[in-house]
Amino acid sequence: MFEALTQLPQDPILQLMQMFRADTRPDKVDLGVGVYKDDSGNTPIMAAVHEAERRLLESEITKSYVGPAGSAGFNESMARLILGDGSSRIRDGRTSVIQTPGGCGALRMAAEFLRLCQPDTTVWVSTPTWANHMPLLDGAGLNIREYPYLNRETLTVDFSAMLDTLEGARAGDVVLLHGCCHNPSGADLTFDQWQAVTQLIQRKGLLPFVDMAYQGLGEGLEEDAAGLRYLAGQVPEMVVAASCSKNFGLYRERTGALMLISATGATNTAATSQLLSVVRSHYSMPPAHGAAVVESILGDDVLRAEWQLELGGMCERILGLRHAFSDALAPVGDFGFIARQRGMFSFLGITPEQVRRLREEHGIYMLESSRVNVAGLNDRVLPQVASAIRSVM
Ligand code: LMR
């Protein structure tokens, strides 16, 4: 039966990870996969995570099933983290959250749920978007349409093109937005643009679906959620997929959340029951560990403060690197956009051939699209990277 299968090309991000690992050059630099790195190039376990794990190890008394929705405590904490402590959407009982295996699990379960709601659902995604959005949504059978997002010349948001295209969406279509730290471009919507897109969504009867994978790594936990929260306050229904991979550094623990906001509490109860049956038929229940860590941190004032401080430091560090990187590249062009963009990623705007030369001649790894993970830089490698980029330009 397997003989008819042909070999597929690898996912470009995962392939790059593998190539980097196989490279034996000691001065190689990884600006590929989106993981945070500290000054010494390590992806650290956050101190609050360490402490929460220590406490869990002491207090955990069972490994029994958690249930399809995961932990209620984690879900409540995530609702408050995403929507804010005082959110009326939480108070009025129109919001539910389920724990998922990472942000990918949330995205895929949302896609399966949307197909259940309406089998011919069309979802509009930004061009460009995260490479894995397409397989996650398309694999669930959704129709995918694209809206222009980035002006390739200026590497800024082409907002009028985005709105013009979304004017063509039909009532009931879904619009996927990046909550903050747009992946791969780093170009985010301003608050005014969030207001304008909200107006369009309301006027045309579209369903907003927000991917919140980097909360806290753009400008701060509250600032990064401002657009999403505004949108949530205006629309009757909304879907949010959130990830704890980056802001808690829990990548391999696969910890995420899926939020549904519905027009009434009764609708929300029914919708959540459908969502849970989708979960049950896919992976049955999420893994427990990462969510237990997050729940413990968010539920403890001291641990939460420690986590927020460390996350704030990571965010500051990325902002500092953005400025230093754009200054270091100034002799070869205007890279000021890098300093103005947010989150881990920016496009350098160089050609695939230049990207290949950087990898092969200098051991510097980035996606073929020239997406770099700014968080992979540090004071030690920055001059090396900048001079290599200057040499291929
Ligand atoms: C990335 O965009 O590099 C990250 O989100 C990691 C991944 O799974 O692709």
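Colleague: Let's start with S284: is this residue buried or exposed?

Modeller: This is a predicted model, where local features need pLDDT of at least 70, side-chain atom pairs count only at pLDDT 80 or more, and totals for chains, interfaces and linings use all residues. Residues are numbered from 1 along each chain as its sequence is written, and side-chain values use heavy atoms, leaving out hydrogens and water. With a 1.4 Å probe and protein chains only, under 20% relative accessible area is buried, over 50% is exposed, and in between is partly exposed. S284 has 19%, so the label is buried.

Colleague: And where does S284 sit?

Modeller: Helices (H or I, at least four residues) and strands (E, at least two) are DSSP runs numbered from the N terminus. Phi of S284 is near 70°, a positive value in a residue other than glycine. Its place is the loop between α11 (265-282) and α12 (289-298).

Colleague: Which residue joins P184 through a cis peptide bond?

Modeller: P184 is also in the loop between β7 and α8. Omega of the cis bond is about 25°, and the partner is N183.

Colleague: How much of the ligand does the protein bury?

Modeller: The residues around the ligand (a heavy atom within 4 Å) include N183, K246 and R371. Polar side-chain atoms lie 3.0 Å from a ligand oxygen for N183 and 3.1 Å for K246, while an N or O atom in the side chain of R371 is 2.8 Å from one. Taken alone, the ligand exposes 260 Å² (Shrake-Rupley, 1.4 Å probe), and the share buried by the protein is 79%.

Colleague: What radius of gyration does the whole chain have?

Modeller: The chain has 16 helices and 13 strands. The globule rule, 2.2 Å times the number of residues to the power 0.38, is compared with a radius over C-alpha atoms. For 393 residues a compact globule would be near 21 Å, which agrees with the chain's 21 Å.

How values were computed:
A polar contact is a pair of N or O atoms within 3.5 Å; within protein, one must be able to donate a hydrogen and the other to accept it, and residues adjacent in sequence count only if both atoms are side-chain atoms.
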